[in-house]
Structure formats: structure tokens, C-alpha cells
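Me: I'd like to learn how to read a protein model, one feature at a time. Can you walk me through this one?

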Amino acid sequence: MKTIFSKLLTNFILTIVICLAIAGISLSFVIRNYISEQKENELVLKAQVIAQSTKHFFVKNENPHDYINTINHLDSNLGTEVWAVDENGIVIAAAAEHLNCEGSKLSSAELKEMQSGRLTVSNGYSEYFKDPVIRVTTPIIDKNKVIGAVIVYSPVKGIDEATRRLVFMMIFAAIISLSIALIFCIYTSKKIAKPVQKMAEASMEVADGNKFTHVPISTEFKEFNQLAGSFNHMLERIEQNEKRMKDFVGNVSHELKSPLTSIKGFIEALIDGKGKTAERTQKFLSIMDKEANRLIKLIDDLLILCKADSIVKVEPQKINIIKLIQEVITNFEVNAHQKLVSFKLDCASKLLYAKVEPHSLKQIMINLLDNAIKYSPENSQILVTVSPNSNEVEISITDRGPGIPEEDIPNIWDRFYRVDKARSRETGGTGLGLAIVKELIDKNGGEISVKSNIGKGTTFKFKLPIAV
Ligand SMILES: Nc1ncnc2c1ncn2[C@@H]1O[C@H](COP(=O)(O)OP(=O)(O)OP(=O)(O)O)[C@@H](O)[C@H]1O
Ligand SMILES: [Mg+2]
């Protein structure tokens, strides 16, 4: 399998090689064309000047052999040759290297070019030269008649040689830039690959359950820093969740164990039968019944909490909350009556629609009212107020109970948290009621607050969006 480093490196090198090849090939073409164009222009100019100065020989019917020879002599080191041909295309003057061609006739193609009366430039093989040449044919015209021509030959080899040298220079430059680019991309690819590798190692460790290694967030790359930041944040969340899970399992085991131990103790006493009286048996059975009820309540609360936990997104509905709150209060009436506690529902109208998931609101009200009754003194009143404003409705539950100490308030939402453990156990509380309330309020996108005065009472308040 490829690593990021090797993949980046191959891509970098490939890109550089392709770019350099394209640049090199196109540049050598452009330069070759430019050089040959320059050369052709130069030859055309030369041919025209020579043709001009040779014309009088042809007009006077004299042989320009010596004149042409002198010109060729001057240019001998440049490889350029100047020839003169008569009106029939017979070579009357050639350079020293091709004196043997004098007297021979031009090829039909060359003859045609000359007789056209126009200056022609051609590029390629000629029967007189073994390498390709540029040939400029300049006809000499007198009285509208071609009376001869000057032909300039120049080897293409020079152009090729210049282009080759240029290509070599370019290859050399390419090798140097490729080496620099190689060093640069090894450095960059390593820099890019390193943080990813670190993150991969860290996540492997987390996956193996070894430890929560945080990755550094001080790389050069903004995206990696963001990724590392989210990765570390995720690690913290996993750590917290793991701790919460452990605490939760510990608490659940503890809460389950104490009633079970108590039930087991009484069962053993009953089996033992020592000092068994009908009255004692009745007492044991009634304690066992209470403990069993505690277990059932604990498990019911755990199931509610588990359900609330697993909700990803609640589906709020438009419901008449006054009706729902009234129903919950009515269900508590008997319970409250036993404790000589009364309810007062304070709201402006009997009809008020809010957007909330009905089961959530019902459970929230049950848990808050259950606490209010549990902690209210006898002959006191629990006040439930529903006060709407333009887009929200505020619901508050106030009791005249003992209140919650300031320092405990931040913790009352925690699972299994009870302010007075001993008292709570007596009242049958498991410390899950407010945890369920908090979870459901969160899932419905709301917020809940509490205000408490020691010895005077407690008020829980939360808001719901009004439905139109
Ligand atoms: N209205 C209240 N007045 C005084 N203390 C309260 C009130 N409501 C809650 N508390 C305190 O907050 C703690 C947590 O409340 P919560 O409802 O979560 O648990 P619980 O009532 O003890 O048990 P459960 O609701 O599971 O039966 C309670 O133990 C109690 O100490
Ligand atoms: Mg409660």
C-alpha cells in the first residue's frame, strides 16, 4: 500500500518531469524555427545583393565565374556557397568544393523554381550536397526575361547544431531544477505526512484501548491544526464518556446491590426461622416489598434515562400544554392529598399551544412535581405557573420545601446525585429524576434553571417555544 509520502513524491516528480518535458520540447521547436527563419532572411538578403551585383555580367553576356569565385572565397569558412546559372539552368560558376558541377544542368525542380521568375527558398536535400541545405534561388531578370540566376546554398547542420546545444543546456537546467524540486518535495511531503502519521498512531492507540495520546496542534498547516484540534477534542469527549460510563456502571451496581443485599438478608432470616413470629414475618415481608419497589423504580428510571439518551432528535408537536400539565397534576392529586399538600395552577387561559414532544413534557412535569411533593412540608401549597410571552412560554414549579444548598445546585442534574443521601433513601429516591429532566430538556433544545432558598422553598423554571 502507498504511503502519503510516496504518493506525494511520485506526483511531485511526475508533474515536474512532464512540465519540463513540455517546456523543453516546445521551446526547442520555437527556437529552432526562430534560428532557421533568421538564417533564411539573411540568405535571402545576401542572394538579392549578389544577384543585383551579378546582373551586368548576364546582360553583357559575360561569365561571372571569377566574381562569384571571389565571393565564395570570402565566405568559405561559413559553409555558404554561391552559384550562378545561365538562362538554361547550366551551372556557370560554383564554389571551389563543387567546381566539378560547372557545366551540369539544374534538376527539373530547381529549373522550374528559377524559371518562375520569383525568388524561392527551399529547405531539404539537394543532389549536389550530402546533408540537407537551405537553397535560395534568385532569378536575374532583364526585359521581363529570366537571363540567369544566383543560387545560395547553406547547410542546415549549423541550425541543428545550435538547437542541439540549446537542448543540452535545457536538459542540464532540468536536472538541476529537478534535484532542487526533489529536495523541496521530500521536505514538504515529510512535513505533510508526519502529522497524519502521528494522528494515525494516536487513533490506533485509542482503538487498542491503550491510552489517550493527544496530538500536537502546532504544525505549519491550518487544516492539520484544525483536524488535530478536533481529534484532541474527540479524545477528551471519549475520555469523559468513558469515565461517565464507569461511574454510571459503578453507581448502578451500588444502587442495585443495597436493596438486593437487604432482601437477601431478610430471606435468609425467614429461611432460618429462628425467633419467627407472624408479626416479624409480616414486617420482613413488608420491608422486602419496599426494597423490591425501590428496585423496580430504579430500573424504570434507568429505562427512561436510557430511552432519553438514545433519542437523537425529538419531534416536537403542537400541543395544548395547559391540558397536559393539568392531567399530570390530577394524577398526583391522591399522592399529594396523603401528604396534605395542595396544588395551584396559575395560568391566564385554559388553552395554550407550545411546540414540544408530549412524552418529554409529561415526564419532565412528573419528575419535577414528584420532587415538589416529596420535599414539601405538610399543609403547604405547590404553585405551578404558566406564563406566555410573545414567542415563549415559561413554566415554573415552586414548593415550600427545605430548599437546596447553593453548593449542591450545580450537581443536582448529575445521575444518582442526592443532596441528603440518607433522607433520599427514605423517600425512595434514586437521584435519577433530575438527570432525566435535564436530558429531556436538552433534547428538546430548552434550558432549565433552579432558584432555591434554604428553609423557604425551591423554584424550577424552563421555557418552551410557543406554537402558532
Ligand atoms: N424540590 C426540591 N426541594 C429540595 N430538594 C430537591 C428538590 N428537588 C430535588 N432536590 C434535591 O436534588 C436531588 C436530586 O433530585 P432527583 O429528582 O434527581 O433525585 P431524587 O428525587 O432523590 O430521586 P428520584 O427522582 O430518582 O426518585 C434530590 O435528592 C434532592 O436532594
Ligand atoms: Mg426526584
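Reply: Let's start with strand E9 (residues 381–388) and E10, which pair in the antiparallel sense over 6 bridges. This is a predicted model, where local features need pLDDT of at least 70, side-chain atom pairs count only at pLDDT 80 or more, and totals for chains, interfaces and linings use all residues. Residues are numbered from 1 along each chain as its sequence is written, chains are lettered from A and ligands numbered from 1 in the order in which they are written, and side-chain values use heavy atoms, with hydrogens and water left out.

Me: What counts as a strand, and what does pairing mean?

Reply: Strands (E, at least two residues) and helices (H or I, at least four) are DSSP runs, numbered from the N terminus. Two strands pair if DSSP finds at least two bridges between them. Strands of a sheet pair through backbone hydrogen bonds, either parallel or antiparallel. Here, a hairpin of 3 residues joins E9 to E10, and valine 386 sits opposite isoleucine 395 in E10.

Me: Which strand pairs with E10 over 8 bridges?

Reply: That's strand E12 (residues 457–465), again antiparallel. Isoleucine 395 faces phenylalanine 462 in E12.

Me: How many residues of E10 are buried?

Reply: Buried means under 20% relative accessible area, exposed over 50%, and partly exposed in between (1.4 Å probe, protein chains only). Strand E10 (residues 392–399) is mostly covered, with 6 of its 8 residues buried.

Me: What does phenylalanine 462 touch?

Reply: Contact means heavy atoms within 4.5 Å. If you skip neighbours within four places in sequence, phenylalanine 462 has contacts including Leu361, Met365, Leu368, Ile397 and Ile448.

Me: Which residues have the most contacts inside the largest nonpolar core?

Reply: A nonpolar core is a set of buried Ala, Val, Leu, Ile, Met, Phe, Trp, Tyr and Cys residues joined through side-chain atoms within 4.5 Å. The largest has 49 residues, and Ile321, Met365, Leu369, Ile397 and Phe462 have the most contacts inside it. Helix H7 (residues 321–338) gives the most to this core, 8 residues. Apart from it lies another core, of 20 residues, among them Ala51 and Val136.

Me: How do I read a sheet, and which strands stand at the edges?

Reply: Write the strands in order: an open sheet of 5 strands goes E2-E1-E5-E4-E3, with antiparallel pairing. Strand E2 (91–93) and strand E3 (120–126) stand at the edges with a single partner strand each, so one side of each has no neighbour in the sheet. Axes are lines fitted to C-alpha atoms, for helices over the stretch in contact, and angles run from 0 to 180 degrees between N-to-C directions. The twist averages 35 degrees from one strand to the next. Helix H1 (residues 4–59) lies across E1, E2, E3, strand E4 (129–142) and strand E5 (145–155), at about 45 degrees to E4.

Me: Which residues come nearest to ligand 1?

Reply: A residue is near a molecule if one of its heavy atoms lies within 4 Å of it. Of the 21 residues around ligand 1, Lys297, Asn371, Asp399, Thr430 and Leu434 come nearest.

Me: And where are some polar contacts with ligand 1?

Reply: A polar contact is a pair of N or O atoms within 3.5 Å; within protein, one must be able to donate a hydrogen and the other to accept it, and residues adjacent in sequence count only if both atoms are side-chain atoms. Tyrosine 375 has a polar side-chain atom 3.3 Å from an oxygen atom of ligand 1.
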